[in-house]
Amino acid sequence: MMINLKKFKKAPIQVKSSLLFFVGLAIQKVSTALSLMLFTRLMQSEQYGHFSIFNSWLSIWRIVITLCLSAGIYMQGLVKFEDDRKRFESSMQGLSFFLCMSWLIIYIFFRKYINLFFGFSTFQMIMAFGIIWSGSTLDFWSASERVEYRCKRILVLSVIVAIVKPLICYLGIMHFSDKVTGWIFGIAITELVFFSGFFISAMKNGRVFFDKTYWTYAISFSIPLIPHYLSQTVLNSADRIMIGKMVGDSEAGIYNLAYSIAMMLTMLSKAIVSMLNPWIYKKIKVKKVNEIENVGYLSLCLVAIVNLFLIALAPEIVFIIAPADYFDAIWIIPPIAISSYFMFSYDLFSEFAFYYNKTVKIMFASIIGAVLNIILNMLCIRHWGYFAASYTTLICFMIYAFIHYLLMNKICKQYVQEDEVYDWRKLIAISVVFMATGFGYMYSYSNLTIRLGISLALIILTTLEWKKVMGFIKNTMNMQEK
């Protein structure tokens with residue numbers, strides 16, 4: 001242990017930051033799992049479904065209200081305006097606050113019609129504005145911390161909030177007659193208390209609320225990307241909203257539980273992406289994209305293996321986390337977990353479009369995926385029930401990844417004189433084996449012997465390839481030094 005600690009201390013600051021970022025995500029996922037174990041037992045599936053629908057709408061409102069200012073534009077601005085960073089930070093916080101207050105005023109005037117359309121109370125909607133604004137202040141602060149590789153403070157905050165938020169939410173659920181309102185209130189109060197200080201700190205350091213240059217820069221950059229952000233959110237959230245409208249809140253709750261479990265291991269994908277991104281950009285810059293190939297294959301295999309273990313344990317995880325009412329969630333987890341693999345592959349492919357600023361093409365790819373998802377959901381949920389939404393999600397993410405693969409190849413041919421970065425035959429082989437094994441697990445849920453046999457074969461394969469996996473991790477860490 002001491003040796004590992006010494007190695008960590010000697011590691012480059014980028015590696016330390018990536019590892020701390022991963023630990024922070026892991027803590028958040030553990031907190032979410034423990035919360036689900038408690039709250040699904042305190043609430044009926046209809047109530048949990050209503051909350052999941054609120055969460056899905058919240059992700060859409062967040063984009064429209066804040067313009068996703070804390071995403072790519074903010075990170076780019078921190079680097080671009082490095083000499084005037086504090087002023088830029090405070091002006092972005094000011095713009096976010098202004099947007100949230102403007103939309104809140106609009107809501108107050110038209111609350112009767114908005115409440116009727118979305119199906120939430122005035123109190124719940126006002127709490128939503130609090131969650132959106134406080135979350136935005138956190139995103140600004142954490143982006144600034146990551147630019148300076150100060151992820152230790154992010155980790156500390158993650159630990160504190162992971163402990164406090166479930167407790168406050170529990171008290172809210174127990175205190176309010178409407179348990180959904182209590183849960184929303186717990187989230188809003190926790191985030192407002194812990195995150196509002198980042199706004200005050202930014203204002204104190206930058207001493208500016210409005211800066212015409214920065215506001216114009218941020219708005220002109222962000223508005224064209226709204227369709228892209230909305231489309232990505234629709235891909236992730238439309239299924240739960242549509243299930244709630246077309247089938248019922250109870251089914252939406254079961255589906256959301258499965259989705260939450262299946263997405264628990266995306267923390268690994270995010271950590272890998274955060275470590276690979278700088279290195280991939282460097283290889284693109286020096287036109288050595290052929291060196292990306294093997295790292296990409298190994299990372300895809302690593303993500304696939306981890307998701308297979310999640311799929312294998314789905315019945316046991318659902319049994320531990322939720323009561324018997326939610327057990328149908330086990331049949332939704334495999335296709336959603338497989339979808340997360342294609343989400344990761346999209347991240348590998350899309351770096352080229354982002355590097356060469358092909359935002360319009362990125363937007364069209366996202367819109368195609370989102371529109372297709374809505375159409376397939378309308379057709380398939382009506383004919384085959386809410387389980388079909390998990391397969392429409394999988395199909396759409398496969399198509400989404402494929403479009404970005406084609407776009408990557410086109411960009412490489414144009415800018416770096418390479419026909420393709422990855423061998424499509426190898427990508428198909430990895431994906432087919434992963435999907436076949438994943439669905440093999442699903443069809444063996446009723447036969448423990450078969451499931452154990454598949455697991456044993458997977459463990460043997462992983463053991464045989466362990467040196468390659470460790471080599472990949474070591475090489476990835478060393479990449480940060482170069």
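Serine 250 counts as buried, because its relative accessibility is 16% and buried means under 20% relative accessible area, exposed over 50% and partly exposed in between, with a 1.4 Å probe and protein chains only. Before I go on, this is a predicted model, where local features need pLDDT of at least 70, side-chain atom pairs count only at pLDDT 80 or more, and totals for chains, interfaces and linings use all residues. Residues are numbered from 1 along each chain as its sequence is written, and side-chain values use heavy atoms, with hydrogens and water left out.

Back to serine 250. It is found in helix H12, residues 249-262; helices here are DSSP runs of H or I with at least four residues, strands are runs of E with at least two, and both are numbered from the N terminus. Leaving aside neighbours within four places in sequence, serine 250 is in contact with Ser45 and Glu46, contact being heavy atoms within 4.5 Å.

Next, threonine 233, in helix H11, residues 226-246. Is threonine 233 buried or exposed? Threonine 233 is buried, with a relative accessible area of 11%. With neighbours within four places in sequence again set aside, threonine 233 is in contact with Ser59, Ile60, Ile63 and Ala238.

Now alanine 401, which lies in helix H18, residues 388-415. At 3% relative accessibility, alanine 401 is also classed as buried. Not counting residues up to four places away in sequence, it touches Phe342, Ser345, Tyr346 and Phe349. Tyrosine 341 is 60 residues from alanine 401 in sequence, and the C-alpha to C-alpha distance between the two is 9.9 Å.

Val64, Trp103, Ile105, Ile106, Phe109, Phe110 and Tyr113 make a nonpolar patch of about 750 Å². Patch residues have over 30% relative accessible area and no salt bridge; like charges are joined within 9 Å, and nonpolar side chains (Val, Leu, Ile, Met, Phe, Trp, Tyr) within 5 Å. A salt bridge is a side-chain nitrogen of Lys or Arg within 4 Å of a carboxyl oxygen of Asp or Glu. Accessible areas come from the Shrake-Rupley method with a 1.4 Å probe, and for residues only the protein chains shown count as cover.

Which helix gives the patch its largest share? Helix H5, residues 85-109, with 4 residues. Isoleucine 105 is found in H5 and counts as partly exposed, at 45% relative accessibility.

Last, the neighbour of H5. The axes of H5 and helix H6, residues 111-118, come within 5 Å and cross at roughly 90 degrees. That makes H5 roughly perpendicular to H6; the label covers 65 to 115 degrees, with under 35 roughly parallel, over 145 roughly antiparallel and the rest oblique. Axes are lines fitted to C-alpha atoms, for helices over the stretch in contact, and angles run from 0 to 180 degrees between N-to-C directions. Tyr107, Ile108 and Phe109 in H5 meet Arg111, Ile114 and Asn115 in H6.
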